[in-house]
Amino acid sequence: MAEGEQSGEQRFGEFVAVRRHGAGGHVAELVLDRPKAMNAVSTGLARSLAAACAELAADQDVRATVLTSTHPRAFCVGADLKERNALTDAELLRTRPVARAAYTGVLELPMPVIAAVHGFALGGGFELALACDLIVADPSAVVGLPEVSVGVLPGGGGTQLLPRRVGAARAAELIFTARRVPAAEAAGLGLVDLLVDEGADRDEALALADRIAANSPVGVRAAKRALRLGHGLDLRAGLEVEDAAWRSVAFSGDRAEGVAAFNEKRTPRWPGV
């Protein structure tokens with residue numbers, strides 16, 4: 001199988017799929033596939049997304065994941081408000097753990113995760129992107145957290161993830177005003193990380209995932225843990241987090257192979273342990 005070739009699709013319910021890419025299937029594509037509703041997060045989609053994330057998290061062969069959309073004009077428009085409108089208060093409360101499991105499922109994936117965003121990424125849709133480590137967007141992207149305009153607040157991690165990206169004051173302005181931010185401004189504010197050509201968000205995100213997947217999976221996963229766990233700590237505590245991550249890889253097979261390959265001037269063959 002040629003590098004970058006798609007190696008099959010696995011469905012999780014009606015609205016979520018996982019595709020494997022590359023010779024070893026080391027890049028996974030996590031696909032939002034509810035085009036008739038612009039990937040609005042219904043209870044069914046949330047349950048399927050959580051199940052897909054649980055399977056990916058347990059797969060040691062996956063070195064990077066890309067979160068994509070099949071809709072040409074939207075990444076995800078957020079919560080399914082039509083479904084929400086039909087729920088009683090008791091039913092809404094029962095759906096809350098299902099929704100949380102979807103967002104935390106993406107957030108807690110152990111490998112690097114890249115969102116490929118075009119069109120609308122609003123509310124819960126933008127929160128899914130914020131749960132990723134990197135966001136690649138094309139010029140059609142429009143992002144924002146408009147929840148207060150419909151009487152709620154960002155409940156998929158937005159109040160915590162957005163200030164970690166752009167600072168407390170900027171996050172407050174964006175959340176309190178509920179405004180939508182076009183791609184160019186979003187890139188300038190740090191709401192997205194890489195602005196690419198029209199229609200190129202998926203291809204560029206997959207290419208970035210390929211570059212990540214070429215590195216030690218043990219090292220990359222440990223680096224992600226250190227980045228996530230150390231964020232917000234004081235420097236001394238953060239360095240202890242880093243040291244713990246270093247100790248988890250220092251005597252690994254990947255470390256031995258990486259050093260050997262460097263000295264032998266060859267491409268590493270990562271054992272992944």
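Which residues does Glu 127 touch, not counting residues up to four places away in sequence? In this predicted model, Glu 127 touches Tyr 103, Leu 145, Glu 147, Pro 154, Gly 155, Gly 156, Gly 157, Gly 158 and Leu 161.

Glu 127 lies in helix H4, which covers residues 124–130. The residue is buried, yet Glu 127 has no salt bridge. Arg 96 is the nearest side chain of opposite charge, and it is 7.4 Å away. A salt bridge requires a side-chain nitrogen of Lys or Arg within 4 Å of a carboxyl oxygen of Asp or Glu.

Val 150 is found in the loop between strand S9 (142–144) and helix H5 (158–166). Is Val 150 buried or exposed? Val 150 counts as exposed because its relative accessibility is 51%, and the cut-off for exposed is over 50%. Together with Leu 81 and Val 152, Val 150 makes a nonpolar surface patch of about 270 Å².

The chain as a whole has 11 helices and 11 strands. Its radius of gyration is 19 Å, close to the 19 Å that the globule rule gives for 273 residues, so the chain is as compact as a globular protein of that length. Some further values for the chain follow.

| Property of the chain | Value |
|---|---|
| Span of the C-alpha trace along its principal axes | about 60 × 45 × 40 Å |
| Share of the 273 residues that count as buried | 48% |
| Accessible surface | about 13400 Å² |
| Share of the accessible surface belonging to carbon and sulfur atoms | 57% |

Among the contacts with a separation of 6 or more, 64% are between residues 24 or more positions apart.

Technical notes:
Residues numbered from 1 in each chain as written. Predicted model: local features only at pLDDT ≥ 70, side-chain atom pairs only at ≥ 80, totals over all residues. Heavy atoms only, no water. Patch = residues over 30% accessible without salt bridge, like charges linked within 9 Å, V, L, I, M, F, W, Y side chains within 5 Å. Areas by Shrake-Rupley, 256 points an atom, 1.4 Å probe, with all protein chains shown as cover. Helix = DSSP H or I, 4+ residues; strand = E, 2+ residues; numbered from the N terminus. Buried < 20%, exposed > 50% of the residue type's maximum accessible area, 1.4 Å probe, protein only. Lys, Arg positive; Asp, Glu negative; His and termini not counted. Contact = heavy atoms within 4.5 Å. Rg over C-alpha atoms; globule rule 2.2 N^0.38 Å.
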